[in-house]
Amino acid sequence: MTDKDDVLRLEGLKVHYPVRLGHGFTQGALKAVDGVDLTIGRGECLGLVGESGCGKSSLAQAVMGLVPITSGRIELTGREDWGDDMLARARTVQMVFQDPFSSLNPRQTIGQSLAGPLKLHGFSNRSEREDRVAEMLRKVGLNPDAAKRHPHEFSGGQRQRICIARALIVDPKLVVCDEPVSALDVSIRAQIINLLLQLKDELGVALLMISHDLGVVEHMSDRIAVMYLGRIVEEGGWRDIFTAPAHPYTRTLIASIPDPTRPADSWERLQGETPSALTPPAGCAFHPRCSRAFGPCTSGTVPGFTPLTEGHRARCHLLTQGDPA
């Protein structure tokens, strides 16, 4: 049963891409997302972190309806079956992409880019559309006169503000942010992060914040989910994740954050390369890179979630053995 405050609920979500392997063209599957359960509440920010190739963007595209799911369920505001009603889905969930330079049509004015979704969603009155565009530009810290200009007249940070305005202009319940500041100069990242937080609180919109930058996720997120090779391996409040990480992979991610006060030998270091999602390791997918792997990790049994504290859980055989990771 879906909690009435859940904006997004994923249950057993799988996104597998069919591929042909070898000279004999054996049919296989790249398991980009392989059984994910997640929820995001109204007005909440969930940070999704992991290395490149772990499946974060495929999960985001599945939520947006841009790629078909192999199995599992996606519920948005309690609704699962959208059929061909993609307009209603788009009004429920919107996306802010990584690159603001390629996210805007260079031939359209900013006013046209922002008014387009309004017209598509039934705002037939031109004066109402113009008022709404001006309002959203103010909310993201831009002068309404920006509506008359083209994208090339703005900096990267200003373009991302415009992209945020476009995502929010139809009042969605959820905004998926896929690396929204990674293409921006370091000096303006904090401005965009603070703007997103401000708008989240002001409008009550939920955010799915996808990033490989743990500093961004720590600053923005109410909860954090750590993804490795298509699966969530740990989930909890930001304080749990950053002060008491339970999964060895999470610990190595935290160790990657520069901190001159931390003893050099106080955390594990990540070994080797990420295995292929075409042929993931049996059992715990992290075991080939884990310095503490033991028998059950390689036995072929995927570890289930072990509850730790309220809202904090992790998948690790060490936890079921009474041995903290």
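## Buried strand S3

A residue is called buried when its relative accessible area is under 20%, exposed when it is over 50%, and partly exposed in between (1.4 Å probe, protein chains only). Keep that in mind for strand S3, where both faces are covered: Cys45, Gly47 and Val49 on one side are buried, and so are Leu46 and Leu48 on the other. In a regular strand, the side chains alternate between the two faces of the sheet. Five of the five residues of S3 (residues 45-49) are buried, so the rest of the structure largely encloses this strand.

A quick word on what you're looking at: this is a predicted model, where local features need pLDDT of at least 70, side-chain atom pairs count only at pLDDT 80 or more, and totals for chains, interfaces and linings use all residues. Residues are numbered from 1 along each chain as its sequence is written, and side-chain values use heavy atoms, leaving out hydrogens and water. Helices (H or I, at least four residues) and strands (E, at least two) are DSSP runs, numbered from the N terminus.

## Who S3 pairs with

Two strands pair if DSSP finds at least two bridges between them. S3 and strand S7 (residues 206-211) run parallel and are joined by five bridges, with Leu46 standing opposite Leu208 of S7. S3 also pairs with strand S8 (residues 223-228), again in the parallel sense, over four bridges. There, Leu48 has Ala225 of S8 as its bridge partner.

## Two helices side by side

Now for helix H5 (residues 156-168) and helix H6 (residues 186-203): they pack at about 20°, with axes 10 Å apart. Axes are lines fitted to C-alpha atoms, for helices over the stretch in contact, and angles run from 0 to 180 degrees between N-to-C directions. That makes H5 roughly parallel to H6 (angles under 35 degrees count as roughly parallel, over 145 as roughly antiparallel, 65 to 115 as roughly perpendicular and the rest as oblique).

Which residues make the contact? On the H5 side, they are Gly157, Gln160, Arg161, Ile164 and Leu168; the H6 residues include Ile188, Gln191 and Leu203. Contact here means heavy atoms within 4.5 Å.

## Two loop residues with positive phi

Glu179 isn't a glycine, yet its phi is positive, near 50°. Glu179 is in the loop between strand S6 (174-178) and H6, and is buried at 10% relative accessible area.

Leu229 isn't a glycine either, and has a positive phi of about 50°. Leu229 sits in the loop between S8 and strand S9 (231-237) and counts as buried, at 7% relative accessibility.
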